[in-house]
Amino acid sequence: MELVAGCYEQVLFGFSVLPEPAANGNHKQKWTPLADFTHHAHTASLSAVAVNSRFAVTGSKDETIHIYDMKKKVDHGALVHHNGTITCLKFHGNRHLISGAEDGLICVWDAKNWECLKSIRAHKGHVTFLSIHPSGKLALSVGTDKTLRTWNLVEGRSAFIKNIKQNAHIVEWSPRGEKYVVVTLSKIDVYHLDTASVSGTITNEKRVSSVTFLSESVLAVAGDEETVRFFDCDSLTCLCEFKAHENRVKDICSFEIPEHHVIVTASNDGFIKMWKLQQNMKVPPSLLCEVNTNARLTCLGVWLDGVMGSEGSHPAAEPSVNEEEESKTSKKQSGYTVQKTERQLKPNKKKCDSSKPVREDSVVSTKKRKMEEILEKKKRKKKKI
């Protein structure tokens, strides 16, 4: 498995983690993170990471999405459609990537040929976060226009709009998709899918920076503090809390492998830590390993070498997308170009600023494409006359 983390210093870190079998009758398993690579592809701080069984993608304030082939350890290129900071990236299965940005757009990408299948004008302000239902048929997004929007991903259109009183910055489905949470500052509203209404509210002590479901009812919450808390979404009570870092926790994710349910935390203090969850969620988890990046971390993902993605505790099913609709849409789109490169990721070095920035070649813009189409139509009309 591989930990991937982005930082303010524009670098993507990769650390391979090798669980070693317990020796001499010792029940404690030793996990060792080894520096694998650093890559300086972006020209601004990294803001989002997503991982599937083959690729890791990163979003940045430089308005680009970079693609990394984790098996070959190469920079696969960049997606350059958005005109604003990339705020959220989500894979669903191995076929689709969905991105959101400060330009108000949500884009659906084919994760095989990296074409933009749909570009949706999602919010009047920024798209601050999005989450895909486990079925792949629905998605939720929140934005700075104080709305929570439900999207029909099969048809690529809005299904429902709910006005909320404040700007929410996180939305997340539960593993079975029976409930979801919407986060505004330190407040977490729990919704049930069947009623689409708030069933209860959890209040964290400080602003929430990241959440992940550990089960259908238990939510791990990280915020602008050193502590991580586990909340029961049914009783709305705090099951346990533990000090995870020396500075605020920026991102948290979870995954399951045989005999282990693991959460991973990343902090402004530069550390990435892996924790083993206990069967009783009221008991704080035990530390498996930690690694210091010496950078201010912003986002986190875990690549499990083809087993599953890291966006939750369960493997994602392939999404349900209308193939005929896909082909029609992809033909209409223009200017959504992946700049294919095969740059080997550099071995990890101690200083995060040691790698040189990677500059992508310029692409044909959407406007230029449209102008070429208009000129072509005019030529055809003149020939007919």
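## Exercises on a predicted model

Leaving aside neighbours within four places in sequence, L148 has contacts (heavy atoms within 4.5 Å) with L140, S141, V142, F160, I161, K162, I164, V171, Y180, V182 and Y191. The model is predicted: local features need pLDDT of at least 70, side-chain atom pairs count only at pLDDT 80 or more, and totals for chains, interfaces and linings use all residues. Residues are numbered from 1 along each chain as its sequence is written, and side-chain values use heavy atoms, with hydrogens and water left out.

**Exercise 1.** Determine which residues touch the most other members of the largest nonpolar core.

*Solution.* A nonpolar core is a set of buried (under 20% relative accessible area, 1.4 Å probe, protein chains only) Ala, Val, Leu, Ile, Met, Phe, Trp, Tyr and Cys residues joined through side-chain atoms within 4.5 Å. The largest one has 24 residues, and L148, V182, I188, V211 and L219 touch the most other members. Strands (DSSP E runs of at least two residues, numbered from the N terminus) come next. At least two core residues each come from β13, β16, β17, β18, β20 and β21. The largest share, four residues, belongs to β17.

**Exercise 2.** Locate E246 and state whether E246 is buried or exposed.

*Solution.* First, E246 lies in the loop between β23 (238-243) and β24 (249-257). Second, E246 counts as exposed (over 50%) because its relative accessibility is 60%. Third, beyond neighbours within four places in sequence, E246 contacts E226 and D269. The C-alpha atoms of E246 and E226 are separated by 5.7 Å, although these residues are 20 apart along the chain.
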